[in-house]
There are 2 protein chains.
Amino acid sequence: MTSASRPLSPTQVRVLALLSAAQKPLSAYDLLGLLREDGVNAPPTVYRALERLMRDGLAHRIESLNAFVACNKPHHTELASFAICDHCGVVAEFTDQDLQARLSAVSGRSGFHATRMTVEIHGHCAKCAGHAHGHAH
Amino acid sequence: MTSASRPLSPTQVRVLALLSAAQKPLSAYDLLGLLREDGVNAPPTVYRALERLMRDGLAHRIESLNAFVACNKPHHTELASFAICDHCGVVAEFTDQDLQARLSAVSGRSGFHATRMTVEIHGHCAKCAGHAHGHAH
DNA sequence: TCATCTATGTTATATCATAACATTTATTAT
DNA sequence: ATAATAAATGTTATGATATAACATAGATGA
């Protein structure tokens, strides 16, 4: 059997809780600020906790924001995609079954073998439509 | 008529040439190093040139690498997607007509209005397949 | 017990990006 | 021509993101 992985450490649990509670992606330094009261004082601890959470599929990195979100569907294996509102900052995670297959197929035409995919869509969420421009406030 | 935009400045032309000549994405500081012989000494000049090139669709930012590539198909309006070899570092830009429509449709189900999309696929190119792991060398 | 693995602490530094303001160059209108 | 404008660049400083390297500690398992 595949050896069970260790349980999350208190720091890892705390980081996941902070990400889950946030309505928006948090940067590593946002998290570090929130963790200071827990006695965490240095960036590596935060980045290490994030590594573990991402390895376990419990959190995702938003590349275009250099920030992190809790996974809204832990333990799924499909490609996670994100719709990011540039007005209010909310991020919606979604999964489209065909998308990963299509991306694999298209990139694979030239013999490319995909191991990881980043799909991030910027724009405006339903609530913020109408505000054509604007940044988070 | 839509007013013609200015021609590229020498610095902008130089940055584009460097990106085109490179076999891999270049970071802003890679470019800065290469531009020192041209008398460019500070990051803002590089970032500004990149801004202009990206605005004109002549270069793209690879979010997952914090680096930049020349566009292989200037003036197209379709979504640009990238296949990034994590072994040798080469980036292939490709366009799939249906992909943008599909992404718009899927994200739009909840009323989201897309303005910009990032699609980056990491893995191994045909030449590097077989090398299952490994990083650029 | 001993070796190993994971996590964390700690210090320092590397890397990526922009703010703010001055200056210069090119374009356009008059 | 020249004044007004817009775009690019220079310059200094700083902000923001991320990791290297090495030490320590606790848990797991042979």
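This is a predicted model: local features need pLDDT of at least 70, side-chain atom pairs count only at pLDDT 80 or more; totals for chains, interfaces and linings use all residues.
**Exercise 1: Relating the two copies**

Find how chain A can be laid on chain B, and say what kind of axis relates the copies.

**Exercise 2: Where the chains touch**

Work out which elements of chain A give two or more residues to the side that touches chain B.

*Solution.* First, the count: 29 residues of chain A are in contact with 29 residues of chain B. Next, the elements: strand E4 (91-94), helix H4 (97-108) and strand E5 (113-124) of chain A. E5(A) gives the most, with 12 residues. By class, this side of chain A has 14 nonpolar, 10 polar and 5 charged residues. Then follow E5(A) across to chain B: E5(A) pairs with E5(B) in the antiparallel sense over 11 bridges, and Val119(A) stands opposite Val119(B). Finally, 100% of the interface residues of chain A are also interface residues in chain B, so the copies meet through the same surface.

**Exercise 3: Around the DNA**

Describe the surface near DNA strand C by its residues and elements.

*Solution.* Begin with the 22 residues that surround DNA strand C; among the closest are Ser9(A), Thr11(A) and Ala42(A). Helices H1 and H3 of chain A and helices H2 and H3 of chain B each supply at least two residues. The largest share, 6 residues, comes from H3(A). Lastly, sort this surface by class: 10 residues are nonpolar, 8 polar and 4 charged.

Conventions
Residues are numbered from 1 along each chain as its sequence is written. Chains are lettered from A and ligands numbered from 1 in the order in which they are written. A residue is near a molecule or strand if its C-beta atom, placed from the backbone, lies within 6 Å of it. Helices (H or I, at least four residues) and strands (E, at least two) are DSSP runs, numbered from the N terminus. Ala, Val, Leu, Ile, Met, Phe, Trp, Tyr, Cys and Pro count as nonpolar, Asp, Glu, Lys and Arg as charged, and the others, Gly among them, as polar. Copies are superposed by least squares on the C-alpha atoms of residues with pLDDT of at least 70 in both. Two residues are in contact if their C-beta atoms, placed from the backbone, lie within 7 Å. Two strands pair if DSSP finds at least two bridges between them.
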